[in-house]
Amino acid sequence: MATSAPNYSKKYHVQTLIAAVVAAIAATISAYLSVAPWIMFIGWVVYFTKSGSLSNTLTSTVCACLGILIGMAAANSIGVLAPSLGVVAFAVVVFVVASIVITLRGISVINNIPAWFLGMITYFAAHPEPSVLSILSLILTVVFGVFAGYFAHQMQIKVG
């Protein structure tokens, strides 16, 4: 079976350039604001888990932000349960959290399971201080990344 060569048209290169420029600007803004650019890129990925419409973008954003919050709750729960349950605390908390999040797939406004898990991953990977400001910083950085992905995609659609 023969495969066709990729179509490296002018449009292809312009769309690539748009994504690269927006990514570079967003990463620079993140670094300038002293937030980790990788957190912004998590938001970018969140956008592309269910891209296209503004409604899908909002759903993805809400799910990622709620994922950060449930990640925080999970970490606190593990901290409370670990002294008495040891490593079994992880199994208990992961089971409960996964059950809740996966059950939510039936509610259309919060049914983006990958975005939920990206939010939780962001929380655990960032190891934030237990403060409102730290959590707000995570959430706003992810939201900025979603916006950057949305903006890049909309610009690509305009040229394509």
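Reader: Is cysteine 65 buried or exposed?

Author: The model is a predicted one. Burial is judged by relative accessible area, with under 20% as the cut-off for buried. Cysteine 65 has a relative accessibility of 14%, so this residue counts as buried. Cysteine 63 is buried as well, with a relative accessible area of 0%.

Reader: How many disulfides does the whole structure hold?

Author: A search of the whole structure finds 0 disulfides. Cysteine 63 is in no disulfide, and the nearest cysteine sulfur, that of cysteine 65, is 9.4 Å away.

Reader: Which secondary-structure elements make up the protein chain?

Author: The protein chain has 6 helices and 0 strands. Read from the N terminus on, the order of elements is α-α-α-α-α-α. The C-alpha trace spans about 60 × 45 × 30 Å along its principal axes. Of the 160 residues in the chain, 35% count as buried. The chain exposes about 9300 Å², of which carbon and sulfur atoms supply 74%.

Reader: What share of the contacts with a separation of 6 or more comes from residues 24 or more positions apart?

Author: Such residues account for 70% of those contacts in the protein chain.

Reader: How are aromatic pairs to be read, and how many are there?

Author: A pair of aromatic rings is described by the distance of the centres and the angle of the planes. The count here comes to 5 aromatic pairs. In one of them, the rings of tyrosine 47 and tyrosine 150 have centres 5.8 Å apart and planes at 85°, so the pair is edge-to-face. Tyrosine 47 lies in helix H2 (residues 37–49) and tyrosine 150 in helix H6 (residues 132–159), so this pair ties together parts that are 103 residues apart in sequence. Tyrosine 47 is buried, with a relative accessible area of 0%, whereas tyrosine 150 is partly exposed at 23%.

Reader: What is the geometry of the pair formed by phenylalanine 147 and phenylalanine 151?

Author: The ring centres of phenylalanine 147 and phenylalanine 151 are 6.1 Å apart and the planes are at 25°, so the pair is stacked. Both residues lie in helix H6, 4 residues apart, about one turn of the helix. Phenylalanine 151 is partly exposed, with a relative accessible area of 37%.

Reader: Which residues form one aromatic cluster?

Author: Tyr47, Phe48 and Tyr150 form that cluster.

Reader: Which residues of H2 are buried, and what do they pack against?

Author: In H2 the buried residues are Ile39, Met40, Ile42, Gly43, Trp44, Val46 and Tyr47. They pack against helix H1 (10–32), helix H3 (54–85), helix H5 (113–126) and H6. H2 itself has 13 residues and reaches 19 Å from its first C-alpha to its last, close to the 18 Å expected at 1.5 Å a residue.

Reader: Where does threonine 59 lie, and which residues is it in contact with?

Author: Threonine 59 is placed in helix H3. At 8% relative accessibility, threonine 59 counts as buried. Neighbours within four places in sequence aside, threonine 59 is in contact with Lys50, Ser108, Val109, Ile110, Asn111 and Asn112.

Technical notes. Residues numbered from 1 in each chain as written. Predicted model: local features only at pLDDT ≥ 70, side-chain atom pairs only at ≥ 80, totals over all residues. Heavy atoms only, no water. Helix = DSSP H or I, 4+ residues; strand = E, 2+ residues; numbered from the N terminus. Buried < 20%, exposed > 50% of the residue type's maximum accessible area, 1.4 Å probe, protein only. Contact = heavy atoms within 4.5 Å. Areas by Shrake-Rupley, 256 points an atom, 1.4 Å probe, with all protein chains shown as cover. Disulfide = S-S within 2.5 Å. Phe/Tyr/Trp six-rings, centres within 6.5 Å; stacked < 30°, edge-to-face > 60°. Expected span 1.5 Å × (residues − 1).
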